[in-house]
Amino acid sequence: MWYVNCACDSEEQNLGAFQYRGGIVYRCCKPIAPGEELLVWYVEDYATDLGSSFNYLWDIKRGAKEVTVSRVFSCSLCPFSFTTEIYLHKHMKRSHTDEHMRLLMSGEVRTETLCGKCFTEGGNLKKHQRIHTGERPYHCTQCGKSFTQEAHLKLHQRIHTGERPYHCTQCGQSFTQEDFLKRHQRIHTGERPYHCAQCGKSFTLEHHLKLHQRIHTGERPYRCIQCGKAFTLEHHLKRHQTIHTGERPYHCTQCGKSFTERGDLKKHQRIHTGERPYHCTQCGKSFTERGDLKKHQRIHTGERPYQCTQCGKSFTHEHHLKRHQLIHTGERPYHCTQCGKSFTLEHHLKLHQRLHTKDAVPLHSVWPEVHS
């Protein structure tokens with residue numbers, strides 16, 4: 001953090017911190033002009049993602065030990081001092097949680113001093129203060145879930161009532177919130193407002209852009225505690241962990257086969273139902289999986305995306321390319337256990353093995369003219 005200073009609030013920051021290969025690194029979250037100060041803001045999620053190291057560095061950076069100020073705000077529970085009351089309260093909240101809550105509940109600490117945010121109306125201040133107090137006065141009578149604002153409760157209740165007041169005029173799909181409708185409409189308009197500054201790829205949702213940016217940063221925040229393997233997405237980690245647990249929670253009621261993911265179970269069940277939801281618009285042929293439809297469509301488009309780097313020959317399927325490359329490498333991965341002869345294709349091995357078994361086809365049944 002030698003070249004990075006602490007912002008006064010979240011709006012002032014131009015850097016975000018995250019962990020990468022055991023260290024704390026920074027990523028720009030807004031354009032930074034030449035000569036502009038580098039500023040990072042303490043977000044509560046950092047404590048979870050970055051651990052105590054970031055907390056300690058922040059306290060040192062934000063401390064007032066070597067800074068001449070008109071007033072110093074000292075922590076009564078540890079040696080740290082701070083240049084502003086806001087920084088002191090943030091330190092108390094993350095490092096001395098119990099004492100912080102006691103001061104908050106007793107009224108010794110005013111909640112508006114915790115973050116320094118200002119409001120034009122008293123009602124908005126009261127709503128905001130619930131972030132610090134944890135108060136959730138609005139309760140759902142059906143499931144008991146609580147909310148800080150009445151508007152949030154009303155949105156939640158649509159889950160129980162089934163109300164979907166926002167309708168897409170193009171396809172008729174309905175949504176519980178206006179924001180969800182706006183996001184959906186991008187499917188029809190083709191709008192992709194979130195752009196990657198490094199490769200130019202665009203996305204319909206900001207969340208998808210953030211996930212994509214991990215390709216460039218190498219960030220893998222989800223780590224397996226058993227083997228240490230790291231992943232960019234949480235559901236990839238959960239899927240990986242089934243290797244260690246052996247868990248297969250999704251069971252087919254018809255044949256009893258089990259799967260690690262719900263999507264795999266749904267695909268499997270099409271074997272029993274005969275469902276083929278993916279249709280070719282050109283010839284009408286149907287498929288159980290989207291990937292199979294895409295491969296089939298190459299027959300009509302002539303697309304051959306898999307190209308041999310040695311001779312330039314192209315193929316519609318990746319496994320066809322791999323099989324072709326054996327010609328160049330001379331590899332013969334399929335071996336006969338009885339005579340040791342090798343083959344490039346498994347099919348050729350199976351034909352050869354008939355010579356050693358009762359399945360061998362008599363010559364006169366194939367070429368009857370030999371005995372004529």
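This is a predicted model: local features need pLDDT of at least 70, side-chain atom pairs count only at pLDDT 80 or more; totals for chains, interfaces and linings use all residues.
Local features need pLDDT of at least 70 and side-chain atom pairs count only at pLDDT 80 or more, while totals for chains, interfaces and linings use all residues. Residues are numbered from 1 along each chain as its sequence is written, and side-chain values use heavy atoms, with hydrogens and water left out.

Helix α9 covers residues 234–245, twelve in number; helices (H or I, at least four residues) and strands (E, at least two) are DSSP runs numbered from the N terminus. From first to last C-alpha α9 reaches 17 Å, close to the expected 16 Å, the expectation being 1.5 Å times one less than the number of residues. L237, H240 and T242 are the buried residues of this helix, where buried means under 20% relative accessible area, exposed over 50% and partly exposed in between (1.4 Å probe, protein chains only). These buried residues pack against β13 (222–223) and β14 (230–231), with contact taken as heavy atoms within 4.5 Å. G246, with a positive phi near 70°, follows α9.

The largest nonpolar core consists of seven residues: F73, C75, C78, F80, L88, M92 and L103. Such a core is a set of buried Ala, Val, Leu, Ile, Met, Phe, Trp, Tyr and Cys residues joined through side-chain atoms within 4.5 Å. Leaving aside residues up to four places away in sequence, C78 touches H91 and H96.

Zero disulfides are present, a disulfide being a pair of cysteine sulfur atoms within 2.5 Å. The closest cysteine sulfur to that of C171 belongs to C168 and lies 3.7 Å away, too far for a bond. C255 is likewise in no disulfide, the nearest cysteine sulfur being that of C252 at 3.7 Å. C171 counts as partly exposed because its relative accessibility is 42%; C255 counts as partly exposed at 42%.
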